[in-house]
Amino acid sequence: MYQYVVKRLLLMIPTLIGAALLVFFLLRLLPGDVCEVRLAGTGLFASQEDIDICRKELGLDDSLYEQFIAFAGGYFTGDLGKSMWTGQPVVHEIQVRFKLSLQLAIMSTLVAVIIALPLGIVSAVKQNTWIDYLVRAFSIAGIGIPSFWLGIMIILGLLIITQAWFGAGWMPPINYVSPFEDPIGNLAQLIWPALATGYRYSAVATRMTRSAMLEVLREDYVRTARAKGLIERVVINRHALKNALLPVVTIIAIEFAFLIGGLVVTEQVFNLNGLGKLFVDSVGNQDFALTQHLVMLVVLIFVMTNLVVDILYAWLDPRIRYS
Amino acid sequence: MKRYIRAFRAKTVASLLLGGAVGIGFCAQTATAETAQLGGTLDFVVAGEAPSKDGHRETTYAIVHPYAPFYSLLIRVNPDNPQSSDFVCDLCVGGVPEPTNGGKTFTFRIKEGVKFHDGTPLTARDVKATYDRIVFPPEGVPSARKAFFNMVDSVEAPDDTTVVFNLKFASGAFLPALATPFNWIYSKKDLDEHGYDWHRDNVNGSGPFKFVQHQPGAFVEGVRNDDYHHAGQPHLDGFKAIIAKKMSVRIQAIRGNRAAIEFRGFPPKARDDLVNALGDKLRVQESDWNCVLLFTSNHARKPFDDPRVRRALTLAVDRWGGSKYLSRIAIVKTVGGVVFPGHPLAASEEELVQLAGYGRDIEASRAEARRLLEEAGATDLTIDYNNRDVDQPYKVVGTWLIDQWAKVGVKAEQHVRPTPQFYAALRKSHEFDVSIDFNCQSVINPIADVTKFLGSSGNNYGQYDDQVLEEIYGKLARAPTEDEQRALMRQYEKRALDEMAHMGISLWWYKINPHRSYVKGWNIAPSHYLNQQLDNVWIDKSLM
């Protein structure tokens, strides 16, 4: 196992180098640059002299080779450079947003797991009954409804309902507060996007749980467990569920990794200052320095998540051994 | 100069009284002789994040809204009447001085006892250091408004309370340039000790509020400056400028009282929704906006090198009809020429209708357009049309223009591009036949603002060189009286929009600011850059 983990960690190096090359050169194919957006994008007069100074300051006039060395070299020197838009260190820009994105990803995952596991199990156990149909309709709706739309509906619903009931509209706070400073304020802001994204996420996991459970429930060892006279709860929880969880864990882990950097629209809808919103802003501003490091962060999160999932497999199914 | 300001003031006040009736109609509260209440924090939303904290190098309103309250200006647009060009002193004493030396010397007396937030006294030497940085920046130091001051020869500070601006020639554009809301007065000590980059990340002003913190991507926070140099102000304890890029968030934030106001402007539909939802808890202020949406023909591409084709494009556009219908869905409204509507230098309606594309008989205009296209051999014309991927007003008006051109048989293939790619096509690759373009300015300064139409201007993308237009402008920039300026402006307008039709004007923007009615003291300006120091803003707690 130890050897396997080391080998996987070493394999991450070519993966990250490949990703770095890809993101660096693909970004440079985009027309336009950050200085023009920044100085000319307002419609006010922008002198070419100022644009040239800006390009020089940001190193955009350097050769691609020099720019790539500066970008990739940052991973060895620990200096990831500065955002081309704000001039702030990239590490600081990411750090500020990371805690919110991580908390939201955890909360959404919790919402998804709390909904998906019971519903997936009940749906499988009660296959082809009205309960199963209801759960399937619920989960198909979850896949079909975009979470940003659900987010908008949640905000409008809260405004309309609170206005009707209390005479004044209420909406979630639009400024992040740390759960350690103000847990209620933090929950008041993040529970709604967690529900909106958790619902879609749960829909995928519910369907996966259901199909995995259906497969496992037809296995011989489940039949044997029932023949032994075990009560149904034990058969389901101890014998079937644990084995059915393998694909579910994969789905949950991949979704979790996606949530950390991928909530681009939901973060905008709820005005959450997370990594997804930062991603959109940095691409919109042609902030290559920030965008390429954000992409690398997401790549790293996915690679690490896959590794954790593989290790979890071994824990969930003792028959799996890595050598 | 004084006559010019007075005339403009009288005309704009009159037009405000008449034209502003719509806005006043929405007002739940009137701003008559109310006593400002002290205290409270103003939360407002801003649609963008400033690239830095340095007003001298940036051009976006996203820096003005959160950071202008930390600074003072030498002179500013009157915060109690920002619709006028009624410039008043901020750091200077008394009124804005009359020029001497044939309009070439302006001498300002600087207030005594003013302090920067770090406790350093503010003197005339700080004002000089600031304007030296803006007007004569050292090589390699950006200054976004350096070109506004091409008439300035030198700035002197003979003592701690006197600043003298010596001009190369008398210019009506000087005072408006001086009142530009980006010209924040920096401390000479900061510039000398920390250099010209220090203000990118640091704030040390003498404005009504002191900087507390900036959370990247989230908000900027300020707290009252008890040593502020305008007695009795500011009224607020502080403010928080919350960054919210999605318009729906900003609208709902006002509805849900997470923010009291957004200073840039909303489209009519958002105003109507908020009015319906909030009733008398909302006040709406509306104004003509010193931004105009244009379409620029690329003269380097055939057949747009032919003035007949460009004239046909402008003749096809029904501006009067568009004003009526588009103003219901987009942030545009007023029909105008090259000068901000209502300004003394702007064309009257009688003068406007003489220009190509401004006639009241649109069918006659379009018949003429078809004739010109036929004469130019461009009857089967398809335009490669560059537009910006921003709804208001670009995509809305841009799509309307396609329909207008279709009425004279011109087809358009619209390429809607995100802002960076839009500008890359506009400024670098020039891959367009016709592009949406715009001219957004802060202080109404027609003589400077109309440079947009000059081929030599840094923000003109038509790729043309019109020496006749340049000569007219040269005379206009130096014309000493308003009558001469006005006459030359008509020549300039006729040449740019009609004879050569270098660019076409669609409509002038229209600013709509719905805000919580408990926000008092803030008066809408004709620009989203103006009147943002917030020193006269207060919160009426009885309405919260």
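The contact between the two chains takes 45 residues from chain A and 44 residues from chain B. Please keep in mind that this is a predicted model.

Let's begin with the side of chain A that touches chain B. The elements giving two or more residues to this side are helix 2 (34-40), helix 3 (48-58), helix 5 (90-125), helix 7 (147-166), helix 11 (264-269) and helix 12 (275-284) of chain A. Helix 2 of chain A gives the most, with five residues. By residue class, this side of chain A divides into 23 nonpolar, 16 polar and six charged residues.

Now for the domains of chain A. The domain assignment gives domain 1 (2-77) and domain 2 (97-316). Taken over C-alpha atoms, the centres of these two domains of chain A are separated by 32 Å. Where they touch, 15 residues of domain 1 of chain A are in contact with 12 residues of domain 2 of chain A. On the domain 1 side, the elements that give two or more residues are helix 1 (2-29) and helix 2 of chain A. Helix 1 of chain A supplies the largest share of that side, nine residues.

The table sets out the residue classes for the two sides described so far.

| Domain 1 of chain A, touching domain 2 of chain A | 11 residues | two residues | two residues |

Next, have a look at helix 4 of chain A, residues 64-77. This helix has 14 residues and reaches 19 Å from its first C-alpha to its last, close to the 20 Å expected at 1.5 Å a residue. Of the 14 residues of helix 4 of chain A, the number buried is one, so this helix lies largely in the open. Helix 4 of chain A is followed by A:Gly78, whose phi is positive, near 85°.

Finally, over to chain B and one of its arginines. B:Arg360 sits in the loop between helix 11 (349-352) and helix 12 (362-375) of chain B. B:Arg360 has 11 other C-beta atoms within 10 Å and is therefore exposed, since the cut-off for an exposed residue is 12 or fewer. If you set aside its neighbours within four places in sequence, B:Arg360 is in contact with B:Trp320 and B:Val353. B:Gly321 is 39 residues from B:Arg360 in sequence, and the two are 9.2 Å apart in space, C-alpha to C-alpha.

Technical notes
Residues are numbered from 1 along each chain as its sequence is written. Chains are lettered from A and ligands numbered from 1 in the order in which they are written. This is a predicted model: local features need pLDDT of at least 70, side-chain atom pairs count only at pLDDT 80 or more; totals for chains, interfaces and linings use all residues. Helices (H or I, at least four residues) and strands (E, at least two) are DSSP runs, numbered from the N terminus. The expected span of a helix is 1.5 Å times one less than its number of residues. A residue is buried if 20 or more other C-beta atoms lie within 10 Å of its own, exposed if 12 or fewer, and partly exposed in between; C-beta atoms are placed from the backbone. Two residues are in contact if their C-beta atoms, placed from the backbone, lie within 7 Å. Ala, Val, Leu, Ile, Met, Phe, Trp, Tyr, Cys and Pro count as nonpolar, Asp, Glu, Lys and Arg as charged, and the others, Gly among them, as polar. Domain bounds come from an automatic or database domain assignment.
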